[in-house]
Amino acid sequence: MKHVIVGAGPAGVTAAETLRKADPDGEVTLVGGEADPPYGRMAIPYFLIGNIADSGTFLRKSDDPYDGQGIRYVQGIAEDLAADDGKLTLADGQQLDFDKLLISTGSHPIKPPIDGLDLPAVHHCWTLQDARDICGLIGEGKDVVLMGAGFIGCIIMEALALSGSNLTVIEAQDRMVPRMMNKTAGDMIANWCRSKGVNVMTSAKVTGVAEDGGKLSITVDNGETLPADLLVVATGVRSNMDFASGSGIDMDIGIKVDDHLQSSINSIYAAGDVAQGPDFSTGGWDVHAVQPTSVDHGRIAALNMAGHDVTYQGSLNMNVLDTVGLISCSFGLWQGVEGGDSSEKVDTANSRYTLLNFDGDLLVGAVTLGRTDHIGVLRGLIQSRIRLRGWKDKLMEDPNLFVEAYVDLTRT
Amino acid sequence: MALTNKVLRVNLSNGTCESEATNAEWAKKYLGQRGLATKYMVEEVDPKVDALSADNKLIFATGPLTGTAAPTSGRWSVITKSPLTGAIACSNSGGFFGAEMKNAGWDMIIFEGKSDGPVYLDITNDQAELKDASNMWGKTVWETEDMLREIRGDNDIRCASIGPAGESGVLFAAVVNDKDRAAGRSGVGTVMGSKNLKAIAVRGTVGTQVGDAMKFMQAAGAAKQILADNAVTGEGLPTYGTQVLMNVINETGALPTRNANDVQFEGASKIGGEAMHEIRESDGQANLVSNNACFGCPISCARISKIDPEHFTVKGRPEYQINSGGLEYESAWSLGAATGVDDLEALTYCNFICNELGMDPISLGSTIAAAMDLYKEGAITDEDTGGMKLEFGNTKALVAIVEATGRGEGFGVEIGQGSRRMCEKYGRPELSMTVKSQEFPAYDPRGIQGMGLTYATSNRGACHLRSYTVASEVLGIPEKTDPLTPDGKAGLVKAFQDATAVVDSSGTCIFTTFALTMDDIAPMIDADLEGDWSSETLMELGERVWNLERKFNMDAGLTAADDTLPQRLLKEAAKTGPAKGKVNELDKMLPEYYELRGWTADGVPSNETLDRLKL
Amino acid sequence: MVKALHIVVDDCTGCQQCEMACSYKHEGVFNPAKSRIKVFEFKDQGRSVPYTCTQCSDAWCMQACPVDAISVNTQTGAKEVSGDLCVGCKVCTIACPFGTINYNHTSGKVDKCDLCGGEPACVEICPTPALTFIDAETTGMEKMRYWAEKTDQGQTAQT
C-alpha cells in the first residue's frame, strides 16, 4: 500500500507517524512544500521575539524524525492531482503514485484588493521564512502596522509589540478577534492592548498603501494616514487546494470530507486547515484551522487510510490567544444557540471575562479572558456532552465555577 | 526565613494599606502569631483603651510555620484588646485563611482606626485595597463569603468575616473564616465590627519558603509520623473529633451541666461523638457526614455534619440542609449540657447559626445557661424574655434565643452582652460562670482541679486553651495526675501555659501536643528560622509571651483579684460522680502558681522575672 | 508494571499536604497555587476532591503540542513537559479536556503532573489512603477511559 501525504504541517506529520505505526508494511511518503523542516505555526511568535531559534519551531525534535522512522520525506509543491490514476504531480515534475492520498496542504494568506500591497515593505507573517523576513524590519523605534486583528494577526501581535516597535493594529470589523470573541471580550482585549501601548483601530479599513520617502504611507478610512517601516497583512487565509481543482474532488471553502475524513473520492482524504470536515457543535461542515483539530484530523484520517474504521465526531472550534499578556480562549458555539441560556461575568477592572452558552443543560460554547487554570475542562464539558444538572443553575449565577462543575460531575 | 518579613498596616480611618518590614528583633523574642502580635499591641496600643474605640487595634497574625508542610500549619490568630474581658485577646483559628494570607506574603495585618462606612480588605499577594462593603453589611458570614467569591470571580480566595453578631455588638462575636472555622473567643469579631470592617478576602500565590528545606522536611516528616502513631491524634480525634470527650468528661464528673448546677449530664451520650455516628431512624443517615482537615493537618478533627432534613429547625429550609461544620465538644457542651438540651440535631443547627451569624458558641451557650438559671430563680420572667420560656432543657427556646442573639433581637440583645453583664443587670452576678467576664468552657473545675487554676489565671479570661491540663488529669498526657487533687497543679498549669504560648506563636495547632513534645516541635522551627531554636529557648519564649500578656492586662487595670472563679465552683460542692462533695481548691494552687511564675503575692511579675525574661 | 496515581475521593480530608509536597518538589516553595495536583473543595457537600493528570493514553496535550515539547517517559508512562522545548503557546491547555495541563505565568511555560519520575511526592506525604501509587490495572483507569471516550470517541477507538 502506497500512502502519500501532501503537506507537512501538524496534520500531515501526525498522519505520517500514525500511518507508519498503523500500516507497518505500507510505504509512507510525506511531501513538504517549504524549504524548512515541518514546523509549528503557533511557535512562530516566540521565534520572532527571539525566545527560540528557528529549530525551536520544528514539529519534531529528534535527530532524523522522518526518513529515519521509515517516512520518505520529499520536498515539493503539489501541482496536479490525477485521482483516477493515483498520481500526484509536483511542481518540479516529480510524480508520486499513491493508493491512498492525504491532502494536508494547509492554507495561504490572502491580500485584499488594495493598492500598494505589493510594495516590498508589505509582508505576511505566515511561514517561518516570512518571520525571518520581518525580523529585520521590527525593533525599537520602527513604525509597524498590522492589518487584521483576527487570530492569526493577534498571535504575532505580541511579538511585534515586544520588539519595541510603534505598533498600530487596524481591524475592519468592530472589535478585535471578531471570529473568536464577542463585542464585550473583543473590546476588553482592545483596551488591554491599548494600555500596553498598542494603537488599536477597529471598524477601520486600509484604503491605500504608498511609498513615501523610504517609508510606507498607509491611508485609513477613518481619516488617518500612518507612516510605516513595515506593514504586516493578516486579513485571512484560503485553503491550498488549487492543485486538486481538476480532479473532480468535492470542494467548497476546503476539501469536503465526511466523518472518516474521506473526500468525495474514496482514495483521497483531507486533514487540517485544508479540510472542511464535520463540526462537532453544529453538525455541519467547516474549516477549523487550529492545531488540535489538525492533529486529530491527521490521526483519524491516517487510521482510516490504514484500513481501520474510525469515526470522527467532529472538530470543536477552539482557540487560545495571548495578546500582550492577556490570555483569552474561546470554545465551540461561543455565539450561543437559539433558545439557549447564556451566563456572563464581566470584571473590567481586572480584565477578566467569562461567558458560557448552554443548550438546555449542556454547555455548548464559552469565552474566557484572564484565566488559564484548568481551562481545558471547557473542552471536556462541551465535547463529552456532560449533563450539568444542578450545576446549570449555579453556573447561570456564577459562570466562573465551570472547573468546579466539571470536577464535581466527573469525579464521584 | 518562613516569616515573610512583611506586615500589612491598614489604616481604616484614612483608607490606606501600607507594607512595612516585620520587626526582626521582636520576632526573635516572640516568634510570630500570638507572641509577636501581642508585642505589637503592647508597643502600639494603650492597654486602657476602650476596646471598641478607633484607638484599639486589630491584628491578624500568622506564625513561622503557617503555610508550610509542618503538620497543622493552617493556624492563625486575631489579637486585639477584648471588649468582653478588657484583657488582651488572642483568638486562634484554623481552616485555610491563615495559610492563604501567608502565601500572599504577609506575617501580619494590623488594622488601626475606624472606617466611616462598611469596608472589606481585598488582598492579592502584595496588592491590598479597602473596598466598599455597604452591600455586605447585614449579610451572614456564609452570604458574605459567597459574595466575595463571586465579586472576585475566583473560587480559590479565602475569607474571614463577621456576621450580623459582629455588626450589632454582640460582645462574643467571632471572626469566621472558611465558613465554619472561627477565631471565636473574647469578642474579636466585635472589635472588627466596631471598625466597620466586614471581611478580608485574600488570594496568595507567592508561597512560603523555609530556611533549610531538607532539614525541615525531615523534621516535619518525623512529627507527622508521631501524630499518625498516637492514639489520640492518629485515631481518636480523626474518628470522633473533639467530641470523643463528651462521655469521658461526663464520666469524670466534670461536665458543667445546667449552668454548673450539676457536673454530670444525663443526656451526654445523646450529644457526644458516638451519637454523631449513629444512623438516624428518620432518614437513614448519621449526623456526621465526614471528618475534615484544616490546611496542612493530618489529624482532621473537624466534623462535617448534616442536620436531619425533617428536624423542625431545618424542615422546609434547604439552605440549612447542607453539609457544614458540625459539633465540636465545646459547642455540644455549651449549647447542650450547659443548657440541659440533649437534641443533637438542634445543637447542630445552633452551631450552624453560630458560624453563619458569627458568634462564639461557648460564651453564647454559657450565657443562655445563665439566663435559664435567672429564669428558674425568677430573676427574669416572660416579660423580660418576650415570652420565651427559658427553661433548662427547652430545645425550642434554645433555638429561638440563639437566632435572636445573632440577629440582635429581643432578649437576644441581653444575651449578647455576655453572662457577667447580664447577670449583674438582673442582680444575680453569682450566676455568671465567668472569669474576667469570659464564660468558662466544658470542664468543671470541681472535677478537674487544674482547670480551676487554668481558668483563674488565663490571660484572656476563662479558657481551656491556655493550659489544657485535662490532657494530664484525664487523658494521662504526658503523664497521669489525679484530677481531684490540687497538688502539683500549679507547676502543671505553668508548664502547659508556656508550651501553649509557643505553639500559638508558631502557626500550628495545640492538638499536636497530645502527641508531640517541644523536642519534636523545636526541630521544625529550627530548620525554618535563622538562629538556634531548642526546646529550652522556646519554653523561655513561651514564658516571655505569658508575662507580656500579663503585663498588658495589669496595665489595663486587671489585678490579682481577677484571678478567681465563680463562687459556685468554690462554694457549691459537686453533687454526683467521682468529684461528689468537692469544690475547686483554687486557694491552694494560686499562691504556689504566683511563686513558680516569679510573681509577687499580688500576682505582679517581679523585676527579677522581667529581667530574666528580657522584658 | 506501570504504576498509576490512584485517587480515592472519599478518603481525602482536604488538608492540601499534597499540594505543598508537589509545589515544594517542583518549585522549591510551599505554594498550593503552583501545585500540579489540586484539591477541589465542595463545601456544602463536605467533599474534597484531589485532581490531577491521569496520564491518559490519548494525551491530547502531547499530540497538540506544536513543538514536540511533551513526551512519554517510558519508565513511568508519564507525559512530561520539556521546559527547554516548551515555547508557552498554551495550545495544550485548551486541547486537554481534563484541564490538567496549565500555563505557569512565572515560567511562561506549561506545567503538568510528571509523577515525580516514579516517586510521587503527593503520595508520599498524603496522611490518608486518598492518594496511592499502585499497579495501573487496579486503579480507576476505567473511569478515566470512560470520560476520555466520551470526549472523543474517534480517538479511543484505536486502542
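Domain bounds here come from an automatic or database domain assignment. This is a predicted model, in which local features need pLDDT of at least 70 and side-chain atom pairs count only at pLDDT 80 or more, while totals for chains, interfaces and linings use all residues. Residues are numbered from 1 along each chain as its sequence is written, and chains are lettered from A and ligands numbered from 1 in the order in which they are written.

Chain A is split into domain 1 (2–108 + 237–305), domain 2 (122–233) and domain 3 (333–410). Between the C-alpha centres of domain 1 and domain 2 of chain A there are 30 Å. Two residues are in contact if their C-beta atoms, placed from the backbone, lie within 7 Å. On that basis, 12 residues of domain 1 of chain A touch 12 residues of domain 2 of chain A. Helix α2 (residues 44–49) of chain A gives the largest share of the domain 1 side, 5 residues. Helices (H or I, at least four residues) and strands (E, at least two) are DSSP runs, numbered from the N terminus. By class, this domain 1 side has 7 nonpolar, 2 polar and 3 charged residues; Ala, Val, Leu, Ile, Met, Phe, Trp, Tyr, Cys and Pro count as nonpolar, Asp, Glu, Lys and Arg as charged, and the others, Gly among them, as polar.

Also in chain A, helix α9 (residues 402–410) is mostly covered, with 7 of its 9 residues buried (20 or more other C-beta atoms within 10 Å of the residue's own, C-beta atoms being placed from the backbone). The buried residues of α9(A) are A:Phe402, A:Val403, A:Glu404, A:Ala405, A:Tyr406, A:Val407 and A:Thr410.

Chain B consists of domain 1 (6–203), domain 2 (257–409) and domain 3 (439–612). The centres of domain 1 and domain 3 of chain B, taken over C-alpha atoms, are 26 Å apart. Their contact takes 38 residues from domain 1 of chain B and 30 residues from domain 3 of chain B. On the domain 1 side, the elements that give two or more residues are α1 (24–30), α2 (33–44) and β5 (88–93) of chain B. The largest share of that side, 8 residues, is from α2(B). The domain 1 side divides into 14 nonpolar, 17 polar and 7 charged residues.

Between chains, 35 residues of chain C are in contact with 46 residues of chain A. Elements giving two or more residues to the chain C side include β2 (38–42), α3 (91–95) and α5 (141–151) of chain C. Helix α3(C) provides the largest share, 4 residues. The chain C side comprises 21 nonpolar, 10 polar and 4 charged residues.

Notes
A residue is buried if 20 or more other C-beta atoms lie within 10 Å of its own, exposed if 12 or fewer, and partly exposed in between; C-beta atoms are placed from the backbone.
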